[in-house]
Structure formats: C-alpha cells, structure tokens
Amino acid sequence: MGKEECKTMLDALNKVTACYRHLVIALGSTSDSQNLREELKRTRKKAQELAVANRTKLTSLLKDKTISKEDRAEYERLWVLFSSSMEILEVDMKRSLEIGQDFPLKVPTRHLIQTGMTGSTTTVAARAMSVQNMKYEADSNIDTADLRDLQSEICQVSTMMEEMEMKVQVAPWAVEAKQEAGAELKSSMSVGNSSVGVISICEEEPKEEDGGGGSGAGFASTCAVFVFVVIVAVAVVLGYLVINMS
Amino acid sequence: SSGEDIVAWILLNSCSGFLSSEARSFGSMLVALGYIYPLQDHKRLVIKPDASLYRFQTPYFWPTQQWPVEDTDYAIYLAKRNIRKKGILELHEQEQYNRLHKWMNHKWDFIVMQAKEQYRAAKERKKPDRVVFDCQERAYWVVHRPPMIFTQQSIMRPRVKSSVSIGALVKYCATYNSHDPFLSKCLPSNPWLTDDVTYWTLNMPNVEIPTKMRVERWTFSFGELLSDPRGRDDFRLFLKKEFSGENLAFWEGCEDLKWGTAVTMREKAEQIYKTFLARGAPRWINIDGKTMEITVSGLRHPHRYVLDAAQTHIYMLMKKVSKHTRSDAQLEQNARNRRPSLSPIILRQQELEQRAKMAASAPVDITQLCRFTTPVSHLAVYSGFTDSPSANASPSLPFVAPTPVCPSPISVALDSNSASERRAEAGEGEAERNPEARAPAGGNVLKSRMALSLRRLLKRGCSPSTMFASLSPKGQAAAGTSRIQPLCPDQPSQAPPRRTGNFFQIKVDIPPECRIYPIESEDEEEENRASSRGGVGAKEIICPWESLTPQNGTG
C-alpha cells in the first residue's frame, strides 16, 4: 500500500540524512581524508535519490482528492517529516561546501583541526549506503572535483524545495505529532509504528538500545573466554594422558 | 587530542606585544566563542592557566560562518541526550526540552526520528571517537544554549503593569505635546516654514532671557533643566548662591569623563578626584561614606563609568533642591531684548572661554562670596538675577515653587486656553503659579495680562516662606552622611568668615540658621584649605591609585 511504502522510504531518507550530518561534522578534522570526501559524495547522492523518490510519491498521494480525511492528515504528517529532512539535508550540504573549500586535501601540508578523533567514518557511511563494507575508488582530486558537483546539487535541492513549497499546500504547523515527549526512549523503530499511550520521561523504563549493544559485545567476549578455557582444558587433559602414557 | 597550555601557545604564536593577561583573555574569548572547549568543567567557558585540558572544536561547530543555530537541531540534540542518559536530563535541559516540545510539536515526530537515527549513526564509530563526538556536540550547545542557572530568577524579572507604563506614556505625551513644534505651533513662527529665525534666536543656548516655553520645560523634570544649557547656567548660579556649586561642577566633570575621549580619561579622573573627592580637596563634595568608598576604590582602575555612583548621588541631591521656575518678568524682558544670532563657532568659543574662566576662578569665587554671606534665611532664595544686567525686576522676586510633582498633564491638557488665561489673571493672590499648559494663545495678550498680575504681586510683596518650604530637600541627612554634624545655631554670623564655602553643603530640613559642617577638625581643615588654595600648595593631594601602583607591580 502506498502509505507503507512511503513510510519505508521516509525512514531510509531519515537514516541517510542522519549519517550525512555525522559525516559533515567530521569534515575538516583529523578524521578527514580522501575517503571521507568520497563517503560524503556517495551519501549525498543516495540522499538525493531518496528525496526525489519520496517527493514524487508524496505529491502524488497528496494530490489525490479522493482520500479520506484521516489519510490526508497522515500524508500531511509524512510531508512535514519529509520537508524537515530536506531542510536538514540542504543545510548540511551547504555547510559541507564551505568547510570543504576551507580545508583542501590536495595541498602539500594539510591543515586539519586536531579534534582528537582518530578513527574513520567508514562504518557510518556503510550504514548510510546500507552496505557491509565501503569500497573506495575515487580519484585523488576528489575534494576539488566534488565541490563543483556539490554546488550544482545544492542548487537542485534548493529549487526542488521551492517547488515543493509552491505546489503542495500543507501547513506544517497544523500537523499534530504522534510521538509524545520522551518517545525517543522507546525502542520503536520506524515511522510506521506510532507510539501508543502517553509516556512521561520520568517514569519511563527506557528500552536498552544502548544496553542491547553493550550486552552484545559482552556476549562475544564471554564466548571467546569460554572457548579459550575449553581449549586449555583439552590441552591439560591431553598432556596428562601423554604423561601417563610415557 | 591536545591538552595544551593554550596561554603559552597563544603567547608564542601571537604578534608581539601580548601580555600574558591579554593572552589569557584572548584564550578565554576563543573558548567563549566555541573554537576551543574545556574537557573538565565544560560549563565554564574560560581559559584557566593551569594544566586543565582543552580541545579544538570541529569546523562544523565553529561560529565563523555564522550559520543560524536552529531550535530543531537543539531539540534533536536534547532527544539524543535523553536517549543516552536514559531519561535523566539536567534541569535546564529538561526545561528546554519541555519548552521545545510545546513549541515545536508539529515537528516532534521528525525530531524523534532524527534523534534515534543520529544516535545509531554515532554508535557506528569506535568508542573513543564517540566520546569525542559527544563532547564536541555538548560544547557547541553550551556555547549556543547556555544553561540558565537561575531560571526562576530570570522568569521573575520585574515587570511593569501595562496600565502603569501606558499611563506614563500618556503623561509624557500630554506634557510635551505643547512643546513639540510638529504637534503644536511654535512661537513666534516655525523657521522652517516662514524663514523667520526668531525662534532660533530666542532659544539659543546662551541667550540672556530664556523663553517662557523653555522655562516651562525646565519644570518638567530636573533632567530637562540640566540638559538645557541656559537652565544649567541658571542652576549653576543658584547653587553658587547656595555655596553648593561644586555639586554641579562635579556632575559636569563626570559627564565630561563619560563622554570624553579614552585618552584623556585617566587624567580627567585624577583631576576630578583631586578637585572634588580627596580629603581636603578644594571643592569637596559631600557624598556618603559608602559611595565614597566605592568610588575611590574604583578610581584605582579608572574607566568611563567609575564615577557613576557618586554622580547619581549628587544628581539626586541637586534634583531635590532644584525646583524653581521663572517669573513672568523675564518674559517681558524676553520680548524686549532680541540679540542677533552668532555663528556656532563663536558660540562654542564663548562657551569654552566661560568654562575655562569658571574653572580657573572657582575656588576664588566662593571665598569672595563668603564675605557677603548672611545666613540664608530660606533654603532657596533665588537671587540669580542680580547678575543679569537687564533684570529690572527686583532681585528679591520670589520664584514660584511648582508642585514637586507635575499636576496630571492630562487634566492640565484638558484645560482650555481661556481657563489658563483666567487663572493667570486671577493668580496674583496665589503664591503658586501653574506653569504648565499655558497655551500661548495670542502671546501679547497673555503677556500684558501677566504684566498686570506681576505688578499686583509686587504690590503685595513677597511671602516666600510658604513657597520655599516645599523646596527643602527632604530626608537629605538620611543619605548616610556620616560626615555631617549640625552645629548649634548660635554662631552663624561668625562662622562664615572663618569657614569657607566649601563646607556649605546642601541644606536639609534644619532650621535655617544652622550650617552643616564636616566632622573633621576645623584647624586641620583650615590649614588644608589655605594650602590648597595657594595653588599647588604644600600638601599635595595624592590619588589612591598612584600610591598603590608601585605596590601592585606589573599587572
């Protein structure tokens, strides 16, 4: 159904936007590199694809006059989600242009800010692109070449947003959010599940996003320890037998 | 990650001429703007010149590009923090969160979604980088959404009821309505319309006889009187008679300091201290002990506003004494005496000359006056016109004390012109004239009427006592004057020749025969007086900061 499809696409856009922001924050710092620039480029392109797809879908849904009032309200809510994502995307693209220009990579001495970050952003980009591992195949002058593309893409996005404003008559302030304060503490994943019931922050038992991750890591390590112990035990037994035999 | 002594680094890399204190403040500026953030004590955005650690902020969070700081982003940040802290936010964060939830409710779904995704994206990185990232973001928001420690206090800021503020506005409009050349006619004519510059001539800063409207304006508030140069001149003369001229001189000195160039500030402050504030100063002003303490300690590091407290004190003092208005005799003079206008350059020169003259002659002035002193029978007998050559009216003309508070201009404004004229005519018996809202309809007619009433008043003679009672500044003594001690009344006639005018302060609600003297021993003061009057003098007045500087060493 159109609505579910829409929500899935919006989720994807949302995810890519978040990752893109994370990557742009790393620009100009010590975790900056050729790879980062390539990651930015690819994430950006993906975001744009998703944006166009979302826009097409949503505008067609909203243009449909035959939909019910509740449906219309829902589509308007989705529209607000979409336009907010686009706003963030546009802002981040502009910022990445400015910072990218200020911190060129193909210079004899790179002047990158010592922010204390040492690792790379590969995993973030992989998350954005929904791949396991990123493969890097860009040329060495990506930082300058990409900037030109970036400028044109920013223009495209700006015009798209203006069109959206003109064509789609949705009053953003009229939309009522389904999520309550503190809803982020629930583990509900996507737009599809609207939160049920009012949950106040204080009483909330937050679902362990964090705890889940933590325990995952813990499990792996206990496994390793267990295996090690087993191997040591086997070695001891074998040694004992050898000694007995001899 | 860099744990540097940023101050040393700045000193090393900065252009020559940076003192270490400057380097420190520069460093603190960097922190306050958000280019560097502290790792410990992250809420205090200063550089501490010890081994505490700082880190550079990533360019995305710099203020350089002046990207707008959006509430949406802040809401997302708070939601992320909420997830990380598992629902336990700091108080100010909690407040902001609730506030944003209320105001950005329509976007809240998006905010929650983004917060979750951003949180998950950040988790993809390795732990140390994640920590750095969190620190960066937190530092950014400390700069751009500083925690309000005392939110309650800020909410409970004093607020004025709109009825009160609107009432004040109405009163202001009504009072100044007739004085606004746009809203009402200006007499004799608006120069811009008729090309007749009489109006300007009559209202020049140093005109002999000020116009009635001008004088009326002085009654509106003390500030009006002081800001009009002519009014200030009159007030200066008045204070001279009261032997309180140093107050106005001090006030003017303070204004000069406030508005003067920075280069001259230090020497001006010194000058003012030597002339007015130091013990044994030639024109010692009387301010209460606490203010004096504050001022003197502030003068160690003089800046533009160091004398504000003392100036305010003196201003209030003068305000209490100041209420007077002109008699109508002046207005007749005004009609008769018209001077040709002088060019502004000459006016300015005259002003400066006069100022210089007064400054040079100030101490002498008072001593001369002293010879003629008689116990002031009433607090504010204004005999300013003895100096004015054109004053034909008797110098002892009483001057009307207006009510200390303007009668409600609304009611005054409602009075018709005819009513005010009638009042003027009938007013000969009254000691009090109503200076407000005399709509000058048909100036000559009114002037003749006033001449008539004036003559009647002269016939009756003056009975100033009732009028001047209201002039006495009330509660003056209560202003912490630890140095004042009223002497017994039986030596007023002898006292003046012995004591000089500097010790005459603004009188308080005490019987007119009493004088007020500072507590210091009379002999010591006399010596000081004599020596300081003799020019540089044997006893030099030392400014407190001068004596302290060698002790302080380098700053």
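Is B:Glu117 buried or exposed? The model examined here is predicted. In this model B:Glu117 has a relative accessible area of 9%. Buried means under 20%, so B:Glu117 counts as buried. The residue is found in helix H5 of chain B. Its contacts reach across to the other chain. Apart from residues up to four places away in sequence, B:Glu117 touches A:Asn14, A:Lys15, A:Ala18 and A:Arg127.

The interface was examined next. The size of an interface is often given as the accessible area lost when the parts come together. Here, chain B and chain A bury about 5000 Å² between them. Carbon and sulfur atoms carry 57% of that area. On the side of chain B, the residues that lose the most area to chain A are B:Tyr60, B:Asp109 and B:Arg125. Together these residues account for 15% of what that side buries.

The rule finds 5 salt bridges across the interface of chain B and chain A. A salt bridge joins the side chains of A:Arg77 and B:Asp109, with a distance of 2.3 Å from N to O. B:Asp109 is also among the residues of chain B that lose the most area to chain A. Polar contact links 12 residue pairs between chain B and chain A, with both residues at pLDDT 80 or more.

The nonpolar cores complete the picture. In soluble globular proteins, nonpolar side chains tend to be buried together. The largest nonpolar core in this model has 87 residues. Within it, A:Trp79, A:Phe82 and A:Met86 have the most contacts. Helix H3 of chain A (residues 69-102) supplies the largest share of this core, 11 residues. A:Phe82 is in contact with A:Leu10, A:Leu13, A:Ala51, A:Asn54, A:Arg55, A:Leu58 and A:Met164, leaving aside neighbours within four places in sequence. A second core is separate and has 35 residues. Among them are B:Trp218, B:Phe222, B:Leu226 and B:Ile285.

Note on methods
Residues are numbered from 1 along each chain as its sequence is written. Chains are lettered from A and ligands numbered from 1 in the order in which they are written. This is a predicted model: local features need pLDDT of at least 70, side-chain atom pairs count only at pLDDT 80 or more; totals for chains, interfaces and linings use all residues. Side-chain values use heavy atoms; hydrogens and water are left out. Buried area is the accessible area (1.4 Å probe) that two parts lose on being put together, summed over both. A salt bridge is a side-chain nitrogen of Lys or Arg within 4 Å of a carboxyl oxygen of Asp or Glu. A polar contact is a pair of N or O atoms within 3.5 Å; within protein, one must be able to donate a hydrogen and the other to accept it, and residues adjacent in sequence count only if both atoms are side-chain atoms. Helices (H or I, at least four residues) and strands (E, at least two) are DSSP runs, numbered from the N terminus. Buried means under 20% relative accessible area, exposed over 50%, partly exposed in between (1.4 Å probe, protein chains only). Contact means heavy atoms within 4.5 Å. A nonpolar core is a set of buried Ala, Val, Leu, Ile, Met, Phe, Trp, Tyr and Cys residues joined through side-chain atoms within 4.5 Å.
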